[in-house]
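Welcome! Please have a look at the model below, and then we can walk through a few of its features together.

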Amino acid sequence: VPKRQPLPNTSHFYSHILRQCQRLILGRTRPTFILVDDLQLRLQITSELAGEFGLRVVHETTHVKTNGIICCSCNWWIINEHKLPIPDQLIFPIIPLPTLESPWIAARVEILKHQGRDWFREFLLPETLGIMLKSVAIIRGEDVRVAILDGRVHSRSWGKSIVEALEPWVILERLLPY
């Protein structure tokens, strides 16, 4: 979780996460999984990376090259992780917060709002933590890098909860290719 990462609502966020993904992928000998729940963003990242890395880049498939790059949702990774090789790294370009576009999520948030409760900390944040913990569960104890490129981890008070939930970990101050 490098410091000074941009926020998702900034104009340069997409170009930043794409550049960071490219840097992180360079020289990797085992698969890289890029976990993005937003379908449009995931397809855009997949397309851009395929333009640079070619056939190594795939979208949600269990047929992985030795040094493949798999772009997928967190749920797809959690369901299929037992069919896949242990990766070199997991990259979260953006924190997997549940989307309010889902009728079930939106309804739950509305109920909590109506009750005057903190819908973000009582519902969305715990859901996010659950998704992230399930996503990293299979790699615990393995030599796997987990990169979170979303600047909200450092700029929002709730970001500390995400970092603490993922402990134990070793901090990397900079994103280096190796």
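## A leucine in a loop

Let us start with Leu 55, which sits in the loop between helix H2 (39–53) and strand S2 (57–59). Keep in mind as you read that this is a predicted model. Is Leu 55 buried or exposed? Its relative accessibility is 71%, so Leu 55 counts as exposed, the cut-off for that class being over 50%.

## A positive phi

Another loop residue to look at is Glu 60, found between S2 and S3. Its phi is near 45°, which is a positive value in a residue other than glycine. With a relative accessible area of 25%, Glu 60 is partly exposed.

In soluble globular proteins, nonpolar side chains tend to be buried together. Here, the largest nonpolar core has 29 residues, and the members that touch the most others are Phe 33, Leu 35, Trp 77, Ile 148 and Ile 162. Which elements give two or more residues to this core? They are strands S1 (32–35), S3 (69–72) and S4 (89–92), together with helices H3 (74–80), H4 (103–114), H5 (119–137) and H7 (159–165). The biggest share comes from H5, which gives seven residues.

Leaving aside residues up to four places away in sequence, Trp 77 touches Phe 33, Leu 35, Cys 72, Leu 84, Pro 87, Leu 90, Ser 135, Ile 138 and Ile 139. Another core, of 20 residues, lies apart from the largest one, and its members include Leu 24, Cys 71, Ile 91 and Leu 149.

## How H4 and H5 pack

Two packed helices are described by the angle between their axes and the distance between the axes. For H4 and H5, the angle is about 155° and the axes are 9 Å apart. That angle makes H4 roughly antiparallel to H5, because the class covers angles over 145 degrees. The crossing of the two helices is right-handed.

Which residues make the contact? From H4 come Trp 104, Ile 105, Arg 108, Val 109, Leu 112 and Lys 113, while H5 brings Trp 119, Glu 122, Phe 123 and Leu 124. By type, the residues of the H4 and H5 contact divide into seven nonpolar and three charged, with no polar ones.

Note on methods
Residues are numbered from 1 along each chain as its sequence is written. This is a predicted model: local features need pLDDT of at least 70, side-chain atom pairs count only at pLDDT 80 or more; totals for chains, interfaces and linings use all residues. Side-chain values use heavy atoms; hydrogens and water are left out. A nonpolar core is a set of buried Ala, Val, Leu, Ile, Met, Phe, Trp, Tyr and Cys residues joined through side-chain atoms within 4.5 Å. Buried means under 20% relative accessible area, exposed over 50%, partly exposed in between (1.4 Å probe, protein chains only). Helices (H or I, at least four residues) and strands (E, at least two) are DSSP runs, numbered from the N terminus. Contact means heavy atoms within 4.5 Å. Axes are lines fitted to C-alpha atoms, for helices over the stretch in contact, and angles run from 0 to 180 degrees between N-to-C directions. Angles under 35 degrees count as roughly parallel, over 145 as roughly antiparallel, 65 to 115 as roughly perpendicular and the rest as oblique. A crossing is left-handed if the near helix is turned anticlockwise from the far one by less than a right angle, and right-handed if clockwise. Ala, Val, Leu, Ile, Met, Phe, Trp, Tyr, Cys and Pro count as nonpolar, Asp, Glu, Lys and Arg as charged, and the others, Gly among them, as polar.
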